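User: I am new to reading protein models. Could you take me through some features, one at a time?

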Amino acid sequence: MTSTRDLVLLTAPLASIMSLATASVALAAPPLDTPVAYVVKPGDTLIGLASAYLNKPSDYLQVQRANQIARPRALKIGSTLKIDPRLLKSTPIDARLSAVSGAVDLETNGARAPARAGMVLVEGQRLITGPGGFATFEMADASKVTLPSNTSLRIDRMRQTILNNAPLRVFQMDQGRGTISVTPNPNPSGRFEVRTPVSISAVRGTEFRVGQDPTGAKAQTEVLKGAVGVDLASATTEAPPVPAGFGVSATPAGVSAPVALLPAPKLGEGGQRQGDKIVRFAVEPVQGASVYRLTLSRDAGFVEVF
């Protein structure tokens, strides 16, 4: 079995070890502009809904055509309207860089500048980590994305729709890897997706990793907690979720069957606590592992990865 194992080591004053999954992939999720469903309530009219929830009052005409409604002022109570999310009013979701180490750039409208901890992130920006660079950003609900070296991630959507208070967060990983921790959201319309050139990962609350190889032909997803649906970006239906402790790979030809992740290697004697300037520890080998990945952080939450 050739699976990549990840070891996480925390340096002084405390050391801890975490298991990070093997093969990474993407998920099956609805397309970026999946219509938003709205159940008609007493007193609703298309014109009234447009005034309250659409970007322009005249946008009600598009909703009327899409739903084949003859009388915009006489909606059937209990019926469901399908609304293009691009027509809906929304508010931005706050996200900030909580930790930056090494070479990290933030690209805005094609212009790149060095990233700094505390910077606010917005839609359309791209976060790029160079050799030896690491970055972590966090959202208002404590969801967190950590990017290691040589990774490029674009923020496609990061907003909350006013109509249903549903958060919409969509990220495009063009290359590299990322560890994502998503705070559970009770809103069934909420979406959190990590896309690659070949796959989509969509979850409501879980911890997972996504990786994209430099050629763009293969992506990997490893599930640490919860479950993640994984499928090709071109898929029209949602695949069965991949459970915690398993990983899958995706290529243009399809998604592999889930593969059990190997256990994390154990730290040997003297590796649990580090107080010296030079970190020394031993790792006990795991049968079947071909690669070990070590991550070092200055804090127990693995925000300040270096």
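Analyst: Let us begin with contacts. Contact means heavy atoms within 4.5 Å. Not counting residues up to four places away in sequence, Ser101 touches Gly132, Gly133, Phe134, Arg298, Val305 and Phe306. This is a predicted model: local features need pLDDT of at least 70, side-chain atom pairs count only at pLDDT 80 or more, and totals for chains, interfaces and linings use all residues. Residues are numbered from 1 along each chain as its sequence is written, and side-chain values use heavy atoms, with hydrogens and water left out.

User: What is the mean pLDDT of the chain?

Analyst: pLDDT is the predictor's confidence in each residue, from 0 to 100. Here the chain's mean is 84, and 87% of its residues reach 70 or more. Over residues 1–31 the pLDDT is below 50, yet this stretch has 167 contacts in the model beyond near neighbours in sequence.

User: Is Ser101 buried or exposed?

Analyst: Buried means under 20% relative accessible area, exposed over 50%, partly exposed in between (1.4 Å probe, protein chains only). Ser101 has 13%, so Ser101 is buried. Ser101 belongs to strand β6 (residues 95–101). Strands (E, at least two residues) are DSSP runs, numbered from the N terminus.

User: How do the residues of strand β11 point?

Analyst: In a regular strand the side chains alternate between the two faces of the sheet. In β11 (residues 144–147), Lys144 and Thr146 point one way, Val145 and Leu147 the other way, and all are buried.

User: Which strands pair with β11?

Analyst: Two strands pair if DSSP finds at least two bridges between them. Strand β10 (residues 134–139) runs antiparallel to β11, with 4 bridges. Thr136 stands opposite Thr146 there. Strand β13 (residues 166–181) also pairs with β11 in the antiparallel sense, over 3 bridges. In β13, Ile180 is the bridge partner of Val145.

User: Where is Asn109, and what is its phi?

Analyst: Most residues other than glycine have a negative phi. Asn109 has a positive phi near 55°. Asn109 is in the loop between β7 (104–108) and β8 (111–114). Its relative accessible area is 79%, so Asn109 is exposed. Asn150 also has a positive phi, of about 55°. Asn150 sits in the loop between β11 and β12 (151–161). With a relative accessible area of 41%, Asn150 is partly exposed.
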